[in-house]
Amino acid sequence: MFGMRLGRFLPLFSPTFDWIQIEITSYCNAACIYCPRTAYKNSWSNRHLPFNVFMELLPTLSRAKHLHLQGWGEPLLNPDFFKMASLAKKEGLRVGTTTNGMLLDQGKSARLIETGVDIIAFSLAGSHEKSNDTIRRGTQFSDVMRAIETLTKEKIKRQRNKPVIHIAYMVFKSGMNDLEKIPRLLAEVGVSQVVLSTLDFVASEELQSEVIRPSSQKEYTETASYFHSLVKEGEKRGLHIHYYLPPFNSEGLFCTENVQKAFCIASDGAITPCVFTNLQVGNEFHFLQGEKQTYRGMSFGNVQDQSPLVIWNNEAYKNFRNSFSTKSLAPACTGCPKIGQEA
């Protein structure tokens with residue numbers, strides 16, 4: 001493995017990353033209708049990132065400000081989740097994860113707290129059972145809320161303020177009105193932050209009608225104004241609400257996935273710029289701005305063969321990062337709603 005030889009591979013200048021995201025498993029106990037692993041179930045591969053591979057990654061992980069243990073699967077299904085989180089904390093990392101909440105009981109809540117996990121985000125797609133459970137199949141809104149309350153009570157019991165509780169909220173076009181309940185609902189159960197995401201990876205034709213895609217500058221301004229009103233309402237209740245709305249008619253070359261200072265590691269060890277390029281599937285399609293396209297993944301190497309720092313500094317990866325300043329984006333990035341204008 002590369003870890004034993006890492007020293008001779010380190011470049012003279014080793015970058016500090018804003019974050020590294022590791023897909024520690026691609027297994028999941030849910031079947032959300034917008035998730036690629038649901039849409040591509042016939043070609044999907046379920047795997048856990050081997051623990052020995054994670055161990056070999058530790059020297060590189062220590063160069064990141066934040067480590068996020070999650071990809072397209074449910075991280076708590078990996079039997080080594082708590083060992084991985086504990087090791088990362090010993091490296092001085094801020095550690096976060098995103099969960100569907102269905103496996104988080106009192107015992108696991110206590111372990112999260114004692115392990116020192118800094119952030120845990122719960123995924124939602126509605127503010128009540130009917131809206132959420134229809135979209136996030138295999139999960140139950142009431143159980144997720146119960147898990148949040150259990151974790152909050154356990155933090156109070158142990159007099160801890162971590163993990164901070166976030167919500168990763170998927171906004172469907174048909175569920176816009178549902179958002180009005182969010183500030184009051186989530187501020188009351190100990191949630192500190194909500195990130196509103198619109199559907200940006202459309203894995204099936206049926207989902208096209210759920211994409212929030214303003215067709216005019218006026219519609220864009222109205223939509224942004226609505227989201228901003230939610231932000232203001234959240235502020236009144238001590239709840240931080242964030243959103244990203246893809247710009248209208250923008251030729252921006254800024255990626256919200258922070259590809260210049262972050263990267264992802266897929267469950268098979270592949271290094272990719274973001275989770276949208278790390279799908280290990282073949283002969284699949286998705287819809288980009290309403291047009292059916294062949295899915296294009298992107299990998300610059302595998303951590304089971306080379307150090308992540310060697311991969312980060314290889315010519316192909318450097319050319320990819322430079323493409324954002326030369327206006328010659330890679331095919332996998334062209335037209336992506338995550339590309340916008342830097343504020």
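Me: At what angle do the axes of helix α5 and helix α7 cross, and within what distance do they come?
Reply: The axes of α5 (residues 106-115) and α7 (residues 141-158) cross at roughly 50° and come within 9 Å. Axes here are lines fitted to C-alpha atoms, for helices over the stretch in contact, with angles from 0 to 180 degrees between N-to-C directions. Helices (H or I, at least four residues) and strands (E, at least two) are DSSP runs, numbered from the N terminus.

Me: Which word describes α5 relative to α7?
Reply: That angle makes α5 oblique to α7. Under 35 degrees counts as roughly parallel, over 145 as roughly antiparallel, 65 to 115 as roughly perpendicular, and the rest as oblique.

Me: What sort of model is this?
Reply: This is a predicted model, in which local features need pLDDT of at least 70, side-chain atom pairs count only at pLDDT 80 or more, and totals for chains, interfaces and linings use all residues. Residues are numbered from 1 along each chain as its sequence is written, and side-chain values use heavy atoms, with hydrogens and water left out.

Me: Back to the pair. Is the crossing of α5 and α7 left-handed or right-handed?
Reply: The α5 and α7 crossing is right-handed. A crossing is right-handed if the near helix is turned clockwise from the far one by less than a right angle, and left-handed if anticlockwise.

Me: Which residues of α5 and α7 meet?
Reply: From α5, Gln-106, Ser-109, Ala-110, Ile-113 and Glu-114 meet Thr-150, Leu-151, Glu-154, Lys-155, Lys-157 and Arg-158 of α7. Contact means heavy atoms within 4.5 Å. The residues of this contact are three nonpolar, three polar and five charged. Ala, Val, Leu, Ile, Met, Phe, Trp, Tyr, Cys and Pro count as nonpolar, Asp, Glu, Lys and Arg as charged, and the others, Gly among them, as polar.

Me: And how do the axes of α4 and α5 cross?
Reply: The axes of α4 and α5 cross at roughly 20° and come within 10 Å. α4 and α5 are therefore roughly parallel, and their crossing is right-handed. The contact involves Phe-81, Phe-82, Ala-85, Ser-86 and Lys-89 from α4, with Lys-108, Arg-111, Leu-112 and Thr-115 from α5. Its residues divide into four nonpolar, two polar and three charged.

Me: New topic. Where is Thr-98 found?
Reply: Thr-98 is in strand β3, residues 94-99.

Me: Why does Thr-98 count as buried?
Reply: Because its relative accessibility is 13%. Buried means under 20% relative accessible area, exposed over 50%, and partly exposed in between, with a 1.4 Å probe and protein chains only.

Me: What does the side chain of Thr-98 join in a polar contact?
Reply: The Thr-98 side chain makes a polar contact of 2.8 Å with the side chain of His-68. A polar contact is a pair of N or O atoms within 3.5 Å; within protein, one must be able to donate a hydrogen and the other to accept it, and residues adjacent in sequence count only if both atoms are side-chain atoms. Leaving aside neighbours within four places in sequence, Thr-98 is in contact with residues including Gln-70, Pro-75 and Ala-168.

Me: And Thr-198, buried or exposed?
Reply: Thr-198 is buried, at 6% relative accessible area, and sits in strand β6, residues 193-198. Among the residues it touches, not counting those up to four places away in sequence, are Met-170, Phe-227 and Tyr-244.

Me: Last one: which elements cover the buried residues of α3?
Reply: They include β1 (19-22), β2 (66-69), α4 (81-90), β9 (262-265) and α10 (308-312). Val-53, Phe-54 and Leu-61 are among the buried residues of α3 (residues 51-61).
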